[in-house]
Amino acid sequence: MSGDTVADMPAETVSVTGWGRTAPSVARVVRPRSYEEAVEAVRGCGRRGGIARGLGRAYGDAAQNAGGAVLDMTGLDRIHVIDTTGASATGSPAGGAGSPARGAACGTVLCDAGVSLHRLMEVLLPLGWFVPVTPGTRYVTVGGAIGADIHGKNHHVSGSFSRHVLSLDLLTADGQVRTVERGTPLFDATAGGMGLTGVILSATVRLHPVETSLMTVDTERATDLDDLMARLTATDHRYRYSVAWIDLLARGASTGRSVLTRGDHAPLDALPARTRRAPLTFRPGQLPAAPLHMPDRLLGRATVGLFNELWYRKAPRSRTGELQKISTFFHPLDGVPHWNRIYGRSGFVQYQFVIGYGKEDALRRIVRRISGRGCPSFLAVLKRFGEGDPGWLSFPMPGWTLALDIPANLPGLGGFLDELDEEVAAADGRVYLAKDSRLRPELIASMYPRLGDFRALRAELDPRGVFVSDLSRRLNL
Amino acid sequence: MKDAFGTPQSLLVLGGTSEIALATARRLIARRTRTVWLAGRPSPALEAAAEQLRALGADVRTLAFDALEPTSHEEVLGKVFAEGDIDMVLLAFGILGDQARDEGDPVAAVRVAQTNYTGAVSAGLVCARALQAQGHGSLVVLSSVAGERARRSNFIYGSSKAGLDAFTQGLGDALHGTGVHVMVVRPGFVRSKMTAGLEEAPMATTPEAVATAIETGLRRHSEVVWVPGTLRLVMSALRHVPRAVFRRLPV
């Protein structure tokens, strides 16, 4: 099945979906294990093109390519240089032109695009360094983190992932490897570009120093949406990390009731004496995986309503300085491998949008509509974004972002989300491409005003349209 | 591409004047469908159907297609797929014939079989290959409960649909794992111009109800859809009724 690709490069034709497990399509998945094989894979993509894929955590169809090639990048998993001297790494292992050093007074790591944030934590935490941005899962690759320009609980302080990328090596449609520096148009098209400018091979990423591998966490409850927004607005700046879990099934006076968890890396002196002896241990726990087959309608209004009620009540009204493991604070769902299976065969849809400050009324309307309709969502989170980054298709912008999950088999869901899109677009907001699996293509240009530049750059860089995904076909990116 | 709910952006209708097909197209255009190909024998009715769908905001093109000329299918349909991905093919052509007359006119009877069965075999295979090359897409085939068990009153039509139904199921199995989704739709008596003047059967339905069932089937990746859904139970009972009894049933 490998066509004219390198003889022994692993390749198989399989059905591929995103993390939401909707809209499968079949592609030839090739797994390059070296930069040379990656070049070979791009050259051998064929008529229906190719797209890079990491650990498949994008919820929708961003890393699928029906009838074409999907480059599984997890075979490129080397960490090349960890530089903690302050003079940042400058190598260019993929053979692009060397990049001059940027004297950041902090640590950097130079690694392949297929390295996961989980792996980086395993390696870096014992050395006293942490990734600059982590989303709700550690199982994303560095390449995916740049391609989706991911954000985390520290966006209001640290921005999105690409803000911490000093340079990257990009394999473009012509089979060349280019070293792409921050501040160039190609960098801004690639950061958040959903893999459509080329295949990221490696990147130099700035790190964040930590004294311990524990978090000190403050928890408080908010009784409704306005209470939540008031609390976040008033005190978010005191915390490096901040997020609120929101009960979207609560109605009436408690619409939008939520649990805020905010914190920072614990300093050494905050640890009890026993833990202080090995402050940088990283041992995330793991539960058994979710079963392969789950009933389709397990997560209904009743079960999720009960879960939300208990989750809200179990949270303390106010608690400060609790010590939590990194995995507990950032990645609770990573504890259950394949947790996405709990939605059953029909899968689920993630919906995340951002609405700018000053448009709070639109946010209130949307939250009321969601809870009024009774969408059974137990993973809903609300967060305040800080300044956006220059990526042309980068999602974050200053404002409120709400993310929620909904079982895909909920009747009428498609039309309902279309109505929410209209609200979001009317408030000059946007939805997140890494989570999208259903946006109406007509809305994309107004949500991402730099889309025209993005298309123009792609037309020039990739005239034959080598890089293509189900997402790019669906939304005409 | 189809979205998370299986709604297509581009649709190819084989049998572009079928009322069920047009009801389905209207429904899908209201959701996501922007490109529609209506294939059928050139006629004012085909153009009128296209005009009607254009008014809903879709980009609609008509295409000369004749089920009775299988040798032309490759070329005619190949052109459509060459212009871009087709997310869904709706195979909707078919004729009812006139059982009483056709029993005495074997040539007319064969025309029913050729349209409903062999024409669909050819068009179905051509579309299946193109969809497989795309790695995605749905092939939705309009069968009928009449094909579930041959009845005295319309076994010529019924046998052609039985063949079509069996062919489609086999094709679905052949395409399993290729990214192509094949769905058989088995409506009962549908009130439409095809059945105008006939005596209505129990549990009669409408083109709009069939369209709704197709949309739901796409979302669920169903392989078989009955319209109305209760027909599945009814037919599974009727299938086991002894011949001597079945023959006398007033259906």
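**View 1. Helices α1(B) and α7(B) are oblique to each other in this predicted model.** Oblique is what remains once other angles are named: under 35 degrees is roughly parallel, over 145 roughly antiparallel, and 65 to 115 roughly perpendicular. Helix α1 covers residues 19–31 of chain B, and helix α7 covers residues 207–220 of chain B. They pack at an angle of about 55 degrees, with their axes 8 Å apart. Axes are lines fitted to C-alpha atoms, for helices over the stretch in contact; angles run from 0 to 180 degrees between N-to-C directions. Helices (H or I, at least four residues) and strands (E, at least two) are DSSP runs, numbered from the N terminus. This is a predicted model: local features need pLDDT of at least 70, side-chain atom pairs count only at pLDDT 80 or more, and totals for chains, interfaces and linings use all residues. Residues are numbered from 1 along each chain as its sequence is written, while chains are lettered from A and ligands numbered from 1 in the order in which they are written.

**View 2. Residues of α1(B) meet residues of α7(B).** From α1(B) come Glu19(B), Ile20(B), Ala23(B), Thr24(B), Arg27(B) and Leu28(B). Their partners in α7(B) include Pro207(B), Val210(B), Ala211(B) and Ile214(B). Two residues are in contact if their C-beta atoms, placed from the backbone, lie within 7 Å. The residues of this contact divide into 7 nonpolar, 2 polar and 4 charged. Ala, Val, Leu, Ile, Met, Phe, Trp, Tyr, Cys and Pro count as nonpolar; Asp, Glu, Lys and Arg as charged; the others, Gly among them, as polar.

**View 3. Chain A touches chain B.** The contact takes 23 residues from chain A and 17 residues from chain B. On the chain A side, β2 (25–30), α11 (413–426) and α14 (470–475) are the elements that give two or more residues. The residues of that side divide into 8 nonpolar, 10 polar and 5 charged.

**View 4. Ser159(B) lies in helix α6 of chain B.** This helix spans residues 155–174. Ser159(B) has 18 C-beta neighbours inside 10 Å, so it counts as partly exposed. A residue is buried if 20 or more other C-beta atoms lie within 10 Å of its own, exposed if 12 or fewer, and partly exposed in between. Ser159(B) and Gly147(B) are 12 residues apart in sequence. Their C-alpha atoms are 5.8 Å apart in space. Across chain B, 49% of the 251 residues count as buried.
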